[in-house]
Number of protein chains: 2
Amino acid sequence: MITSDSLRRDLDEASGPDEDARLAVATRADSVLRPRGALARLDEIAVFLAGWQRTTHPRIERPTALIFASDHGVTAEGVSAYPSEVTGAMVQAFEQQVATVNVLAREAGATLRVIDVGVGDPTGNLAVEDAMSEERFAASIEMGRQAVVDADSDLIALGEMGIGNTTPAAAVSAGVFGGDPASWVGRGTGVDDEALNRKTDVVRRAIDRVSSVSDPLEILRRVGGAELAAIAGALVEARRRSIPVVLDGYVVTAAAGPLGVAVPGGLSHCIAGHRSPEPGHDKLLSRFGMRPLLDLEMRLGEASGAVAAIPLIRMAAAAVVDVPTFEEFGLPPGA
Amino acid sequence: MITSDSLRRDLDEASGPDEDARLAVATRADSVLRPRGALARLDEIAVFLAGWQRTTHPRIERPTALIFASDHGVTAEGVSAYPSEVTGAMVQAFEQQVATVNVLAREAGATLRVIDVGVGDPTGNLAVEDAMSEERFAASIEMGRQAVVDADSDLIALGEMGIGNTTPAAAVSAGVFGGDPASWVGRGTGVDDEALNRKTDVVRRAIDRVSSVSDPLEILRRVGGAELAAIAGALVEARRRSIPVVLDGYVVTAAAGPLGVAVPGGLSHCIAGHRSPEPGHDKLLSRFGMRPLLDLEMRLGEASGAVAAIPLIRMAAAAVVDVPTFEEFGLPPGA
């Protein structure tokens with residue numbers, strides 16, 4: 001059975017970021033041929049990469065986008081603008097390399113992998129029953145972990161595809177962080193007012209079901225979804241292997257929430273790729289103290305907002321590693 | 001003599017964006033395999049590119065960053081944290097392909113060209129005299145135009161290098177748009193409070209000198225700088241040739257101001273690459289109704305903020321052109 005305790009044990013021996021590498025890159029960033037601090041957020045990203053890649057020469061050479069896909073029993077409640085069949089159709093599009101995120105990944109020089117954790121095999125309707133059995137939950141987490149092992153990557157962008165999955169995202173967030181359930185519910189891919197009300201009602205019912213549950217991982221199992229569990233697993237494995245991660249939008253960040261609560265520093269290897277217009281996403285980013293790299297009103301999912309940020313992350317590393325210091329260039333320091 | 005009238009005449013026969021191409025790409029963006037509007041700002045960029053590239057298949061295949069460099073007599077007033085000699089040193093760094101923007105341009109797949117419009121040949125000290133004679137102003141504008149002709153590019157990122165040049169940026173902006181001169185003055189590459197006061201005083205004196213001048217191009221000549229004039233020229237030529245432009249930070253946007261005022265729609269072929277922390281930049285962006293693609297607190301200049309946005313612009317085009325519509329993919333429209 002996977003609980004917060006078991007995850008903490010898994011990460012017990014995981015190192016934090018390499019502080020020597022961070023310091024070396026921060027020092028170099030302040031010495032290279034530009035006014036100190038002129039690249040601001042990009043320099044911070046370079047330092048972040050140095051810490052988790054454990055090197056004074058951070059690089060993005062093998063970025064991988066992992067997209068976890070699953071179906072959701074809660075679509076029976078009419079919470080989505082699209083029918084469940086679209087999940088499978090989009091997975092086909094990913095595999096045929098024609099979806100939006102395939103095109104973005106090509107431009108970003110990233111590999112894209114789709115992991116089916118339940119397409120055509122919907123989780124339970126979280127309004128009335130647990131989304132996953134303990135077995136399915138554990139298997140989904142394990143699939144997420146294995147995907148990170150298989151990716152052999154120096155930067156992982158996490159994404160998802162699953163019609164209806166902003167509903168479990170809202171339910172997990174409300175369950176883990178509290179507050180008015182309605183404040184965690186948005187329009188997803190674009191539902192009308194009536195569906196928005198149904199969605200809010202579904203989240204309330206889900207939260208009522210888990211009101212006595214305190215373990216955030218157990219909340220994820222009961223009101224989450226298989227791709228959310230897989231994302232949590234991928235985050236654990238990336239943390240264990242010290243691989244930096246770029247989070248996508250609301251669903252991915254909601255899936256990260258339980259780990260962030262269960263394990264101190266459990267998300268310190270993560271940055272936010274973009275800010276989604278879903279109101280719940282902004283609330284999560286504030287809780288985690290994450291400032292997204294992009295804010296372009298994108299609301300696609302599919303890892304699109306994480307992948308769109310990869311070129312900036314690559315630039316951040318190169319702008320420290322490949323630019324000479326004032327002294328290397330033959331000028332007095334800080335000229 | 002270059003005046004607002006002469007620029008208006010130059011652009012008299014310039015076309016606006018190709019509305020048919022815009023409509024075709026906007027329609028396609030709403031039909032491709034993703035929820036309508038899910039890429040938001042990126043779809044808007046694709047439509048913008050279609051209009052100015054005059055094609056239903058916008059592409060960024062030959063992006064060029066043009067960096068105009070010059071020195072400024074106003075540095076005698078102690079308005080910069082760096083000595084004038086740094087302008088020439090940085091031009092050397094650009095030419096040796098080692099400066100920050102070279103590294104960013106490499107990552108963005110962009111060509112970088114540096115155009116010397118007055119390195120070691122400072123303009124007049126705008127606190128006490130005109131920055132440029134009419135001849136120098138005309139020659140600088142012409143160098144900017146020629147650089148665009150020579151670039152033969154499908155997207156131009158504009159940048160600058162010139163120690164002291166946030167002072168003419170502030171003076172031009174205050175002269176053209178009015179308001180308290182202090183509100184246009186920021187810390188540039190990082191001056192202390194004392195230098196900031198000197199800088200504000202210099203801008204006040206410059207504005208006093210041109211208080212009776214109404215033509216914004218004449219203000220640019222008298223209180224601007226050679227690289228600002230060249231940028232204005234580049235903008236005119238790009239507008240004439242219907243080439244989309246990405247603006248960099250405060251100095252580039254300030255150089256664009258006179259054209260924006262002189263010619264209706266004179267900047268409609270421009271987008272903002274990023275938002276600089278210089279307070280004046282934000283004021284200009286608001287005036288022009290421009291929302292920058294990036295907001296990462298970068299304050300480098302060198303076209304860095306424009307170049308950093310190029311991968312997003314390339315993604316925006318590809319995400320419309322390379323993604324099939326629902327029908328092309330074999331699904332009912334808008335499934």
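**Exercise 1. Find how many residue pairs are in polar contact across the interface of chain B and chain A, and which elements of chain B touch chain A.**

Step 1. In this predicted model, local features need pLDDT of at least 70, side-chain atom pairs count only at pLDDT 80 or more, and totals for chains, interfaces and linings use all residues. Residues are numbered from 1 along each chain as its sequence is written, chains are lettered from A in the order in which they are written, and side-chain values use heavy atoms, without hydrogens and water.

Step 2. A polar contact is a pair of N or O atoms within 3.5 Å, where within protein one must be able to donate a hydrogen and the other to accept it, and residues adjacent in sequence count only if both atoms are side-chain atoms. The rule finds 8 such residue pairs between chain B and chain A, both residues being at pLDDT 80 or more.

Step 3. On the side of chain B that touches chain A, two or more residues each come from helix 3 (41-53), helix 4 (85-95), helix 5 (100-108) and helix 13 (304-321) of chain B; helices here are DSSP runs (H or I, at least four residues) numbered from the N terminus. Helix 13 of chain B gives the largest share, 8 residues.

**Exercise 2. Find the salt bridges across the interface of chain B and chain A.**

Step 1. Look for a side-chain nitrogen of Lys or Arg within 4 Å of a carboxyl oxygen of Asp or Glu.

Step 2. The rule finds 2 salt bridges across this interface. A:Glu297 forms a salt bridge with B:Arg291, with the closest N and O atoms 3.2 Å apart.
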